[in-house]
Structures are given as structure tokens and as C-alpha cells.
Amino acid sequence: MALTLYVDTARWRAHHKHVQEQFPGLVPVCKGNGYGFGHERLAEEATRLGSDVLAVGTTYEAARIKDWFGGDLLVLTPYRRGEEPVPLPDRVIRSVSSVDGVYGLVGARVVIEVMSSMKRHGVSEQELAQLHSAIENVRLEGFAIHLPLDRTDGSDAVEEVIGWMDRLRAARLPLHTMFVSHLKAEELHRLQQQFPQTHFRARIGTRLWLGDHDATEYRGAVLDVTRVAKGDRFGYRQQKAASDGFLVVVAGGTSHGVGLEAPKALHGVMPRAKGVARAGLATVNRNLSPFVWGGKQRWFAEPPHMQVSILFVPSDAPEPQVGEELVAHLRHTTTQFDRIVDR
């Protein structure tokens, strides 16, 4: 009995090809938990796509994935002097976001990140003049810019990239390759038309692997079902059942990421109101689970355990049977499955 990730493989791969056609020179991204699929699986899919470069999050991820992908590996986390050395092959390319970082990577293959409106990390415009001597002792693979997802100020992503292209050109720095993130296909096309001598390469993770929501589905197997009456005590904390129904033990607990939730940016009155309502229910131990039964998301009977969750299903709903599976609405980037099934 397991928490299973089911993949409509043909549909999933058709989506990959569609994204690849929209973004010529695409660099797939495989970081974190491999977007819910695991590093090994995404390395295989990147190879299937014919990708020559695979982007990973850290040097530790590069060390793990190097035996699964034969092309170049681009580490997205910028190099910092004093970081723990990790043995890596020459086909690994390091991102750098400071002039000092470039000086610290003599002989290495590097991509230099510039500071975007994200204001996360990157070389500033004032530092460009210092890069001339710094890049003499590295193998420069190109520049990169990581753009924000939302532009609430109405600014234009293409104009931001053009601004940096102009600055780099004015500083007489090589512009043969520019790695970009979070651009639409038409925006990338506009840039390529305006700068035909530069190869723009989109680094894409979420849109590539998770862009077709109907291609994948998590399901948790029912392990046990126990009928309870109103007032019966149950669970670790011996709470009382609020009404007659069933306690349903389903595969999927905290070790899988069930019950974990990343903070979200809320916009508008309705999402904020729902957030307040959820917080209020949580204070009285009412937490909605990601598991669906009888067409409804069911409530946790108590907080999820390490490998299973206990749900409360009211008596007016169909009784689940051991061995049946419940659809689970889980976030790929925070979920670890027991098994993956291609179908």
C-alpha cells in the first residue's frame, strides 16, 4: 500500500516536446526533489529530449546527477569563496553573481548572473567594468538573468533584458549566449529577433515538468477503515468523534510531504478571506486534507502521522474499502512518493 504518483507518460512527454518547440535551445531545470519526479527520472527525460545542458540547483545535486546525465550541468546557486568543495567533472558550469566569485574560479566554466529586478543576487551595472580582467582566466559560457514571475508595476520583461543587453554591450563584454528565466515564448522570440547574434537559452523547470496538470495524479491507498460513533475517542490525542462516520487510514504522511504547505502570496479580498477562514478552523483542529473521497476533500481526523494520514469520512458518504485509492491534491515540489507508475 503506497502513495503513488501516476503519470500519463505519452501526454506528459508530448507536453515536453511542445514546450521545447516553443523555446528553442531550452535548458531543462532539475532541482530540489526533481519537481516531484526525482532527479534520476528527470535526467532521463532531459536526455530523451536531446538536451545538451541540464540545470541543477546546487553542487550537491550536480554530484548526485552527474552519473545520470551525460551532457553539461549548470549549477544555478552562485559560487561563493569558502564554500565546501564538491568533486565535480569539467562538464559542470558554475553560476557566478559577483566579480570576486569570477576571480575565485580560475580555469572554470562560468555563467555570470546580472542583478535583475528580483534583487536576489547578481553583478551590478557598476561592476561591469571590473569584469574585463576577471573573465580572462575563466571560460565564459555566457550571462544570465533571472526575472520575477509577477510584474505588478506594469513593467516589461523584454525591456528589462534589453536594458541589460545594452549595458553589457556598452561595457564591451561578450554577448554570444544569454540564459533567461520566466519569459513567455513570444517574449523570447522578440529578443532573438532584436539580437540575432546572441543565443538566448530559456531555463525552464515548472512549465516543462508540471505545465500539464492532467498528465499526473497522486493517489493514496486505503490501509484501514474503522467505523466510529459520535463521542468515540480515537488517535494519539484521544479526541472525540464529532459525529458518526469512518476513520480512514490512507498512505501518505509527513515523510511524504502531506500536511506541509509553503507560504503563498495572496492577492485580492477573496483569497485573503479564505486564508483567514482556514487559519480559524485550524485553531479548533479542523484541517482539510489533500485527499478526495466521494467528490469532496476530506478533513484530517488528526494531524498526519509520519507515513499515513487518518481522515474522517461522515456516515452519509460511501464507505471506503481497504485497497481503494484516494486522489490527493499535493504540491509536486514538496511531495515524496513511494512509487511512480507510468500508464
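Predicted model: local features only at pLDDT ≥ 70, side-chain atom pairs only at ≥ 80, totals over all residues.
Let me start with the barrel: eight strands close into it in the order β2-β3-β4-β5-β6-β7-β8-β9, with parallel pairing, where two strands pair if DSSP finds at least two bridges between them. Strands here are DSSP runs of E with at least two residues, helices are runs of H or I with at least four residues, and both are numbered from the N terminus. Residues are numbered from 1 along each chain as its sequence is written, and side-chain values use heavy atoms, with hydrogens and water left out.

Within it, strand β8, residues 177-181, runs parallel to strand β9, residues 199-204, and is joined to it by four bridges, with V180 standing opposite A202 in β9. Helix α6, residues 157-170, packs on this sheet and touches β6 (109-114), β7 (139-146), β8 and β9, its direction making about 145° with that of β7; touching, or contact, means heavy atoms within 4.5 Å, and angles run from 0 to 180 degrees between N-to-C directions, the axes being lines fitted to C-alpha atoms, for helices over the stretch in contact.

How does α6 meet its neighbour α7? The axes of α6 and α7, residues 185-194, come within 10 Å and cross at roughly 30°, so the two helices are roughly parallel to each other, a label given to angles under 35 degrees, with over 145 counting as roughly antiparallel, 65 to 115 as roughly perpendicular and the rest as oblique. On the α6 side the contact involves A157, V158, E159, V161 and I162, which meet E187, R190, L191 and Q194 in α7.

Finally, the domain assignment of the protein chain gives domain 1 (7-210) and domain 2 (216-342), the bounds coming from an automatic or database domain assignment. Taken over C-alpha atoms, the centres of domain 1 and domain 2 are separated by 38 Å, and their contact takes nine residues from domain 1 and 12 residues from domain 2.
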